[in-house]
Amino acid sequence: MRHRLKLLALGTAIGLACSAGAWAAKPAAPAQPELTALTRDSGGTMPAEQKRLHFDHAELHFGIDAAKQSIEATATLSFTAKAATDVLLLDLDRNLAIRDVALDGKPLARSAWSNPDGRLRIQLPAMLAAGGKVQATVRYGGKPHVAKKAPWDGGFVWSHTDDGQPWVASAVEGEGCDLFWPCIDQPTGEPDLVDTYVTVPKGLAAPGNGVLVGITDEGDKHTYHWRAKHPDTYAITINVGPFELLKGDYASRYGNTIPMEFWYLRGHEKQAQGLFAEFPRMLDFFEQQIGPYPFGDEKMGVVETPHLGMEHQTINAYGNGYRKDGYGFDWLLQHEFAHEWFGNQVTNTDWDDMWIHEGFGTYMQPLYGQYLSGDMDYFAMLHTERLSLKNAYPIVSGHSQTEAQVYDAEHGPGNDIYYKGSLMLHSLRQLIGDKAFFETVRRLVYGRPDPKPGNFSPRYATTRDYIDIVNQVTGRDLSWFFDVYLYDSALPKLETARHGDTLDLRWTTQHGKPFPLPVEVQVGDTLQVVPMTGGAGSLKVPAGSLMIIDPRSKLLRDDPKIDAYRAWAKEQFAAKAKAQTKAEAKSAGN
């Protein structure tokens, strides 16, 4: 979440400057050690040593000292070797000092481990055969990296409430889990099970991922114990504050009961109750449109945070100031909740496939608008997304990338993984029809067309996986569709020419790829479909007839009027900035 406009779904950037900051004074981030390149980056090519490991279990103990902005932590990590190995290779910010390391309960000599650059290397005393198990315990602590502007810049947020009580949160998608616990900082580095223990002063709560196993008293402190299955590595989170709790149960259409929890700051009762009332409606939408809530045996959870938001599995961070947009719902809450399906249930295998998280997650807002109010809101939101496209880089490069490379707004696709991904899905839905489209989504998310609670588990997927699913469901090879929309940066152009009563249409693509996408044309009162076999087609349009190309707005294509509008908007912004500078100079001169 650095270097990009993460979370600005539907172009609602206006007003975000007064988001969580309106609820608490946030101190400036203190001077802190630089992160190494390894710690700054998340993902990329996984080292061979990490590929040899299956991550069975993480038991994470955190003591939080808000006054000192520090943590004391112990991580006990269990692995099964997928291939013979003599080393454990983990990721952990080197600025968190390691006290000691043990293997299977036996302390290791200092010479057996090292962490010079944020990659913790633990030498095993003997070769571990394939199928063998090992457990490493790492005691460490210090001042975790502080986010300057979470969630765009990852790290801890050390804030306080209006009455001066600690209000703490973590948000580490950009830089990764290694900012505060030793992990495998890769999308496929998910542990099967995570037990998190967070110790805080009494009077403060520590909401977390998964199910609350229990709270134990320890003098003037208490420890919250949470257990989560298959969490995304960056979705494991720390939250501390003087929270109140709203609880309820949702009767799912699938027969199970889903616990709902909203941890909010004292004093926000009325606003919190209004937001909590949206939970059942959102659950109904997603379960009806996509399928079962993936973590119904844990909870649907939300916690109020001193930063805008993040899709932390079963405990989504929320800091949008309880603002609904012009479509009548809280877009931020809905977007982050979408990631329980697209991100936490189905996880991209590589950051290069991040459009699976963000494109599908963003498309859920227009779909939700359609579910609530009909087509007007649906198309209005899609149009706002269309105005935001850059089309400077493909949203899938075809090779392994880091998180920073994918979200880079200057040298990578940036926000196009949100908006272009969403708009591409709209066009795909129009091409193959609702029944086929939503079956492809279910197969992507659950690995099967008939998901029910208990018959699926969290899974990984690539872009190629989704293309194969679409081809299988439709019985057609639609690879050409994805080749242009995902692997080209420029949108396809629909060229038109009139020759008497004949309208000629031709698709042209950035690299001359075939693109036989059918085109609808309204002629008078009649809607005609031009098959565009070979990327071209024609039809009769009598002189003087009403003619509208793509009257139902099904096609994502190059559009000169949008380019002209964007150029005008850029000029207006520059003119206002120049006028403001001039006014400030004049004021200073007086």
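Student: How many cavities of 30 Å³ or more does a search of the whole structure find?

Tutor: The model is predicted, so local features need pLDDT of at least 70 and side-chain atom pairs count only at pLDDT 80 or more, whereas totals for chains, interfaces and linings use all residues. Residues are numbered from 1 along each chain as its sequence is written, and side-chain values use heavy atoms, with hydrogens and water left out. On a 1 Å grid over the protein atoms alone, a cavity is a set of points where a 1.4 Å probe fits but cannot get out. For cavities of 30 Å³ or more, the search of the whole structure gives a count of 1.

Student: How much space lies in the largest cavity, and which residues line it?

Tutor: Grid points are joined across faces, edges and corners, and a volume is the space filled by probe spheres set on the points; for the largest cavity this is about 80 Å³. Lining residues have an atom within 4 Å of a point. The lining consists of Ser42, Gly176, Asp185, Gln186, Pro187, Asp232, Thr233, Tyr234, Thr347, Asn348, Trp351 and His357.

Student: Why is the disulfide of cysteine 177 and cysteine 183 assigned its hand?

Tutor: The structure holds 1 disulfide (a pair of cysteine sulfur atoms within 2.5 Å). Cysteine 177 and cysteine 183 are joined by it, with an S to S distance of 2.0 Å, and both cysteines are buried (under 20% relative accessible area, with exposed over 50% and partly exposed in between; 1.4 Å probe, protein chains only). Because the torsion about their S-S bond is about 90 degrees, the disulfide is right-handed.

Student: Which backbone oxygen lies 3.0 Å from a polar atom of the side chain of glutamine 345?

Tutor: Glutamine 345 sits in the loop that runs between α5 (331–338) and β20 (346–348), where helices (H or I, at least four residues) and strands (E, at least two) are DSSP runs numbered from the N terminus. Its relative accessible area is 0%, so glutamine 345 is buried. Beyond neighbours within four places in sequence, its contacts (heavy atoms within 4.5 Å) include Pro294, Phe456 and Val445. The backbone oxygen in question is that of valine 445.

Student: Is threonine 502 buried or exposed, and which side chain does its own side chain meet in a polar contact of 3.2 Å?

Tutor: Threonine 502 belongs to strand β23 (residues 502–508). Its relative accessibility is 18%, so threonine 502 counts as buried. Outside the four places on either side in sequence, threonine 502 is in contact with Ala497, Ser538, Leu539 and Lys540. The side chain joined to that of threonine 502 at 3.2 Å belongs to lysine 540.

Student: Which strands stand at the edges of the open sheet of 3 strands?

Tutor: The order of this open sheet is β9-β10-β14, with antiparallel pairing (two strands pair if DSSP finds at least two bridges between them). Each edge strand has a single partner strand, so one side of each is left without a neighbour in the sheet; these strands are β9 (155–160) and β14 (239–240).

Student: In which sense does β1 run relative to β11?

Tutor: Strand β1 (residues 53–65) pairs with strand β2 (residues 70–81) in the antiparallel sense over 12 bridges, and these two form a hairpin with 4 residues between them. Towards β11 (residues 193–201), β1 has 7 bridges, and glutamate 59 stands opposite aspartate 195 there. The sense of β1 and β11 is parallel.

Technical notes
Polar contact = N/O pair within 3.5 Å; in protein donor to acceptor, adjacent residues only side chain to side chain. 1 Å grid on protein atoms, 1.4 Å probe; cavity = no way out; pocket = protein on both sides within 12 Å on 5 of 7 lines; lining within 4 Å.
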